[in-house]
Each structure stands twice: as C-alpha cells, then as structure tokens.
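Please read them with the structure open beside you.

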Amino acid sequence: MTTKKDYYEILGISKTADDKEIKSAFRNLAKKYHPDVNKEKDAESKFKEIQEAYAVLSDPSNRKKYDQFGHNAFSNGAGFNGAGFDFSDFDFSDIFGSSFGFNFGNSQRSSRAKRGRDSIIKMTLTFEEAVSGAKKVINIDVSQSCSECDGEGGHGEKTCHKCRGSGTITQEQRSLFGVYVTRTECPECDGKGKTFSKVCSKCRGNGQVKINQDINVTIPAGVDNGNQLRLQGKGEVGVNGGPNGDIYIEFVVKNHSLFKRDDSDIYLELPITIGDAALGVKKQIPTLYGNITLTIPEGSQTGDKHRLKGKGIEDVSTKRKGDMFIIIKVLVPNNLNKEQKILFEKLNNTNLDRSSAIKDFEKYLK
Ligand SMILES: [Zn+2]
Ligand SMILES: [Zn+2]
C-alpha cells in the first residue's frame, strides 16, 4: 500500500469540518490549483488530489467509510481501486456554477459518455385502475441509434478544423480570481471533435432517429395522483456510448363518484333516513373488496364515523392496506306528505329525548 496523504490534510480542514467548510476549502484550493490557471508542474496532480479528497469527504457515506478505515476503505471492493477515485460520475459543476467553465475530470469532455435525456409523460387513470393496478399500452416515439450511420451522424469522418478535434473552443477570461480559461462546446462539430464529408441523410447528422413504438406498461396497484413510474432506458439515446435516458409516466387519477381517497384510506358518506338513524339499521356497504354489512346503532348522528379496518387501498410501496371510513349523514325529510306530517307531529308531542344542548339553550330564555 502506497502512503497516501490524509484527505482532511489535503483540504486543510479539521476532522469535524461540516459540509460548508469542506465545500469552501475545495473551492479555494481548486481555484488555486486548477491546471487551466496554475501552470506549475505539479498543479495537475495536486488538483487531482484535491478532487479526490473532496469527492470522498463531501459524500456522507464515503466520508464515514474513510473515517473508519482510512484509504483502505477504497482500496478494494468498495467501487474504488488503488489507482484512485473514479470521477466520471461525480458532478463538481454545482459548486462552481457553469460560469467557470472548468473542465473537471477528463480533459476530453466531448468524447465522454453522456446519459441520454429523460422525458415525462402524463397518464390518466380511473380510480379503479389506480387502486387495483392495470396493464396499459402506450404509443410513444422512442429515440434509437441511427442504423444507417451506426449513430455516428455521417460518413467519411474528418477531424474538425475549428477545434482541431478537441470538441471545445478555449477562451481566456479575466475575473476577480485571475485569468481563467473557459471552454465551450465547438459550434462547428457540436463538441464531437469530428465532422463528416457526408452527413447521414436518415438522421440528418443527429445520430439518432425516433421510432414509434408500443410499450406495455404495468401499473402497480395503489398509485396515486402525481406518482411516477420509470421506464428505464426508453428515453433519449445516450451520447458516446452513454446509457439511454428514462421515460417517466406521471399519473393523473380521476375522482370516483362515491369514494373519496386520502392516501391509502377511503372515505364514504352514507346517507340514512332520520328513522334509521333513530332506530338503528343494518346497511349494505360497497367496498373495494365487495359488499359488507354495517350495523348502524340507534341514535346515530350526522358525522358519526365507522372504521372498516383494512378495507382501504394497498400502499404502492409498503403494500399495507389502508382503512375505509363510513361517515353517517342523516337526511332530514323536507317533502313530507300529509300523513307523514301528522305522524311527525304525534311523534314530536311524545316525550322525545331532549338533549342537554337543547336544555342549555333554553336556560337563556326569559
Ligand atoms: Zn444516421
Ligand atoms: Zn469542432
């Protein structure tokens, strides 16, 4: 094992430094040692060292591993190797913002594999489809590598004369921190570093074509408004051998005429007559899992709540079923016929239960 310098030492911070301190130390050192700025011989290796230290310490799980095992944490089996840290997936740009145009990692950014773009489509589901899951076929345009030119974009490859094959145009820029070199994508070759004597007619130089495709989609039970399903690799084609992007399907769930949904619980308002409320009644209730009989006790009131455990919706990730709640709504008749009116009057003249709320109210009458 070669002796490697301590990551904290490299960044000049203490072992207890927080994220902000780590980031700020890295920023300052990267500005100082970036090979575009610092022309000293060891600047590049120093810069790599700084990047490596930052990549490990800025990631909480890597930092924990490092704190526990030191450099050995990354020497085998942990996704690292002795030769150093793999930066290809590490995004340094967020700490600098794009204005710096620093070219981190590989100096030939143009030839780096880049993941294709993701896209999102919306899908409307009925309440039942969302609750029980469904199989659907969607018809979409999927990007594919052009078969005519093997995704190259043309025939008769030539090195781009404008950027001399680097894919980038370099410009010097003065700023508060000194002179910086910014690199922008070459407009002549779109950063590819090469042009063609004949542009592919099928893909017009894009390297990819859109193919209309039917895709079978299995929607899991329990999805809700705004949930997304990922169709891996169905998005845009990656660049330079990078993986394809993904397509996300976002669900829009229609309301049910009877059931109201709250996460995995279902609410149902049950209208009953004043007689049923007073005397009690057994009622058939529709649920997602068939009808059940609910016993409504005598003296039920509007707003009374009955819980049917496990009769709700299965949660899409935990697979746990929610509950169903039946909310009683007592209907007071407003279109009594003559006979009913007489009966109600008779009823009213009996010694009807006088609730304490009515008695409390009457206390204030003079
Ligand atoms: Zn083509
Ligand atoms: Zn070029």
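1. Helices (H or I, at least four residues) and strands (E, at least two) are taken here as DSSP runs, numbered from the N terminus. On that basis the protein has nine helices and 15 strands. The model is a predicted one, in which local features need pLDDT of at least 70 and side-chain atom pairs count only at pLDDT 80 or more, while totals for chains, interfaces and linings use all residues. Residues are numbered from 1 along each chain as its sequence is written, and chains are lettered from A and ligands numbered from 1 in the order in which they are written.

2. A residue is called buried if 20 or more other C-beta atoms lie within 10 Å of its own, exposed if 12 or fewer, and partly exposed in between, with C-beta atoms placed from the backbone. Buried residues make up 19% of the 366 residues in the protein. Two residues are in contact if their C-beta atoms, again placed from the backbone, lie within 7 Å; among contacts between residues at least 6 apart in sequence, 65% join residues at least 24 apart.

3. A nonpolar core is a set of buried Ala, Val, Leu, Ile, Met, Phe, Trp, Tyr and Cys residues joined through C-beta atoms within 7 Å. The largest has 16 residues, of which Tyr7, Leu11, Phe26, Leu29, Ile50, Ala53 and Tyr54 touch the most other members. At least two residues of this core come from each of α1 (7-11), α2 (19-33) and α3 (43-57), and α3 gives the most, with seven. A second, separate core of 10 residues includes Val131, Ile219, Val223 and Ile266.

4. Leucine 11 deserves a look of its own: leaving out residues up to four places away in sequence, leucine 11 touches Ile22, Ala25, Phe26, Leu29, Ile50, Ala53, Tyr54 and Leu57.

5. How do α2 and α3 pack, and at what angle? Their axes, which are lines fitted to C-alpha atoms over the stretch in contact, with angles running from 0 to 180 degrees between N-to-C directions, lie 9 Å apart at an angle of about 165°. That makes α2 roughly antiparallel to α3, a term for angles over 145 degrees. Where the two helices meet, Ile22, Phe26, Leu29, Ala30 and Tyr33 in α2 face a set in α3 that includes Ala43, Phe47, Ile50 and Leu57.

6. Two strands pair if DSSP finds at least two bridges between them. Three strands form an open sheet of mixed pairing in the order β1-β9-β8, in which the edge strands β1 (119-125) and β8 (228-231) each pair on one side only. β1 and β9 (residues 247-253) pair in the parallel sense over seven bridges, and serine 119 stands opposite isoleucine 247 in β9.

7. Aspartate 150, in the loop between β2 (134-145) and β3 (154-159), has a positive phi of about 60° and counts as exposed, with 11 C-beta neighbours inside 10 Å. Lysine 319, in the loop between β14 (305-308) and β15 (324-331), has a positive phi near 65° and is exposed, with 10 other C-beta atoms within 10 Å.

8. Isoleucine 292 is found in strand β13 (residues 290-296) and is partly exposed, with 14 other C-beta atoms within 10 Å. Beyond its neighbours within four places in sequence, isoleucine 292 is in contact with Ile285, Thr287 and Leu308.

Notes. Angles under 35 degrees count as roughly parallel, over 145 as roughly antiparallel, 65 to 115 as roughly perpendicular and the rest as oblique.
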